[in-house]
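This report goes through one protein model and sets out computed features of its chains, open spaces and selected residues. The sequence and structure come first.

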Amino acid sequence: MTKFVQLLLQTLTLGSLYALIALGYTLVYGILRFINFAHSDVVTFGAWVAFAIAGALGWAGTGSPVFAMPVVMILAMAASAALGFTIERLAYRPLRKAPRLNVLITAIGVSLLLQNAGQLHALFGKDPVKMPRLLSEAPLFKVASVQVPWVDVALVVLTVALVIGLQWLVFRTKLGQAMRAVSWSEQTAALMGVPVDKVVSITFMIGSALAAAGGVLYGLKYRQLNQTADALWMLLGLKAFVAAVVGGIGNVRGAVLGAVLIAFIEVFGAGYVSSKLPDLFVFGVLIVMLLFRPAGLLGTATVEKV
Amino acid sequence: MSARATPGFAGAAVRSLYPIVIGFTLAYLMQTVVAVSIGDYYSKILIDIGIAIVLGVSLGIVNGYAGQFSLGHAGFMAVGGYTAAAIVYYGSIKLFGTKAIYGGSLGPGELLLCAGCVAGGALAAVAGWLVGQPSLRLRGDYLAIVTLGFGEIIRVLIKQTDDVVLSEKKVAAASWWSLMDNLGGGFGFIGGPRYIDAKNPFWVWLFVVVVCLVAYRLKYSNRGRQLLAVRENEIAAEAMGIKTTKAKVSAFMTSAFFAGIGGGLYAHELGNSMRPADLGFQKSIDIVIIVVLGGMGSISGAVIAAIAVTLLPELFRSFAEYRMIAYALALIIVMLLRPQGLLGLQELWEVEWRAVGRSIVTAPARLARWIATAPARARAALRAAADRRQEDRP
């Protein structure tokens, strides 16, 4: 029972983390129909910027104030949003009408650039660092003799809040209406007076801010920040992407569902089947999904038009 | 291309031997003349270039001709490399009773190496068929992700294997089947003989010639044109009666075959480690850079890019930190300014050098004009934006 509750808790936290990152993939895909390969690097950037900010504000030690975590998080999200805006403006916008393969290669180029620029001595350097403890170490409460730490609760609550906020934004505001219009048809939206460029920019900024939130929470939970070109970050992004595809890419609710599902498979697969091969299960799910239901769980199948 | 009579069976058989004959001649010259005269250091760099050419040209078949974006080339390389390493190391013990039997040029050790590379290529082609089945029903980005996932799966699987069996007695006693699990895990395949070094570049150059000639002949063959048609417009290609799935899968398998051979060569080059960590996503990206920079669909372009990508870090060792940044910027800039890659679909000898020369000569003047008119253009853009705002106001 203890093990089960423990795994369930892990599923929830990991699923929340994947959901935050998957939302960025899904938002960008929904609007521009391309996979933002550099998204996982924005996550990395968010985590490292949070580390730098916490250091600059003198909260690297233990006794940081209560408001430290929200402040660091908001600043990191703002910085990542700025980064996302810059990437879109400089690298992706000139290729809006280009074949998708070119956009994909550019995205890989951007990803490589961020990874390796981050490793420069002047920026974050090549050594892994320990993220400062911005949240209390003491467990918040206990469920079936499993201690639930603050950071897990923060992760889940924050993710739920951000997802609800996003849902509201997409379906209840004028901006969201514009986003959905652009996603439906860029040309028609432009003819109806929707400022397409602005909407795309804002989408990128929202996605990047969510990615940064994911990155910061990752850092707070696992503490260890590897160098920016480490394969671990890419794997994190890749799994979030698989979650977005499984849920139905372009679908906000689908991304959350897929994230929880992927986390469930990974955690319970590692817990009960084999602890060595969790990645294998995740990619297996991706391939099975693409074979039998390429549109994902909640996605609607699109007919390829001539 | 002028219309040619279809060669008969005998003619076809002779023509299909060209790559081998030319390859043998060139590789023999490289081994006996070039490698001796230029010294070990440069010979070693040439070998690295050769392996990069094999990998780049093979990826060019699927990426350039067929327009299918694969990010799992290092995965195929790993399949071929580990197969070849296992065959050469364990096979050497089982057949000859010793770990490293070299036996000189075309001796038993080298023949085993050749057999290992070809077997590795064959297994990689089977892997290519397996990956091609689900993923070639997808397009563009999805294919990239699935191939990436495939590369990761291969890496995870290899990491789970046990250590290499070092004792010759134990190897001789064990069955082939049980040895398949002894690939070295995370530490890599250590202890295998290294038959390719600065003094023995023969096999690398043989396979370089074979892959280049096969890719070249494929490009101008019926099948190659089918692939180009698929790349330009899949629906139109299908309407012209091309079996697109079959064409794509065969391109994938050919590419994987040569990637496997490239992996086999890589595994037996002195100084390379066969660790799963070295055959990951990063390696795939390195190969993609060669193809994209050289020109998608150009063999000579891939060769030039392979030379440049291998040589530049050697020339500028102090810039090692900036190497990947420079590649990343080069990728982005090439995609923005010349999306088909430097040479595009053309080969070096098909480029109209006169037009290139003219554009280079006039480049400064055009740049000056562009800079001179920049303020005016910026003003016009600002004015247009202001006008739009004015119109929007109710």
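## Chain B overall

The model is predicted, not experimental. Chain B contains 15 helices and zero strands. Its C-alpha trace extends over about 90 × 50 × 50 Å along the principal axes.

Of the 394 residues in chain B, 48% are buried. The chain exposes about 18800 Å², and 67% of this area is supplied by carbon and sulfur atoms. Considering contacts in chain B between residues at least 6 apart in sequence, 80% link residues at least 24 apart.

## Cavities

The model has six cavities of 30 Å³ or more. The largest cavity has a volume of about 100 Å³. It is lined by 13 residues, of which Y25(A), F37(A), S40(A), M234(A) and L238(A) are the closest to its centre. Helix 9 of chain A and helix 5 of chain B are the elements that give two or more residues to the lining of the largest cavity. Helix 9 of chain A provides the largest share, four residues.

## Selected residues

| Residue | Relative accessible area | Class |
|---|---|---|
| S16(B) | 45% | partly exposed |
| R33(A) | 38% | partly exposed |
| R223(A) | 18% | buried |
| V282(A) | 0% | buried |
| E88(A) | 0% | buried |

Two arginines of chain A have a backbone angle to note. R33(A) is not a glycine, yet its phi is positive, at about 60°. R33(A) sits in the loop between helix 1 (2-32) and helix 2 (39-56) of chain A. R223(A), likewise a residue other than glycine, has a positive phi near 70°. R223(A) belongs to the loop between helix 8 (196-222) and strand 4 (224-225) of chain A.

Is R223(A) buried or exposed? R223(A) counts as buried because its relative accessibility of 18% is under the 20% cut-off. R33(A), at 38%, counts as partly exposed, because that class runs between 20% and 50%.

E88(A) is part of helix 3 (residues 68-92) of chain A, and its relative accessible area is 0%. Which residues does E88(A) touch, not counting those up to four places away in sequence? They are R93(A), R96(A), V200(A), S201(A) and F204(A). M205(A) is 117 residues from E88(A) along the chain, and the C-alpha atoms of the two are separated by 9.1 Å.

V282(A) is located in helix 11 (residues 278-292) of chain A. V282(A) is buried, with a relative accessible area of 0%. Leaving aside neighbours within four places in sequence, its contacts are K239(A), V242(A), I262(A) and E266(A). From V282(A) to R89(A), a separation of 193 residues in sequence, the C-alpha to C-alpha distance is 33 Å.

In chain B, S16(B) lies in helix 1 (residues 9-38). S16(B) is partly exposed, with a relative accessible area of 45%. S284(B) is 268 residues away along the chain, and the C-alpha atoms of S16(B) and S284(B) are 30 Å apart.

Note on methods:
Residues numbered from 1 in each chain as written. Chains lettered and ligands numbered in written order. Predicted model: local features only at pLDDT ≥ 70, side-chain atom pairs only at ≥ 80, totals over all residues. Heavy atoms only, no water. Buried < 20%, exposed > 50% of the residue type's maximum accessible area, 1.4 Å probe, protein only. Contact = heavy atoms within 4.5 Å. Areas by Shrake-Rupley, 256 points an atom, 1.4 Å probe, with all protein chains shown as cover. 1 Å grid on protein atoms, 1.4 Å probe; cavity = no way out; pocket = protein on both sides within 12 Å on 5 of 7 lines; lining within 4 Å. Points joined across faces, edges and corners; volume = space filled by probe spheres on them.
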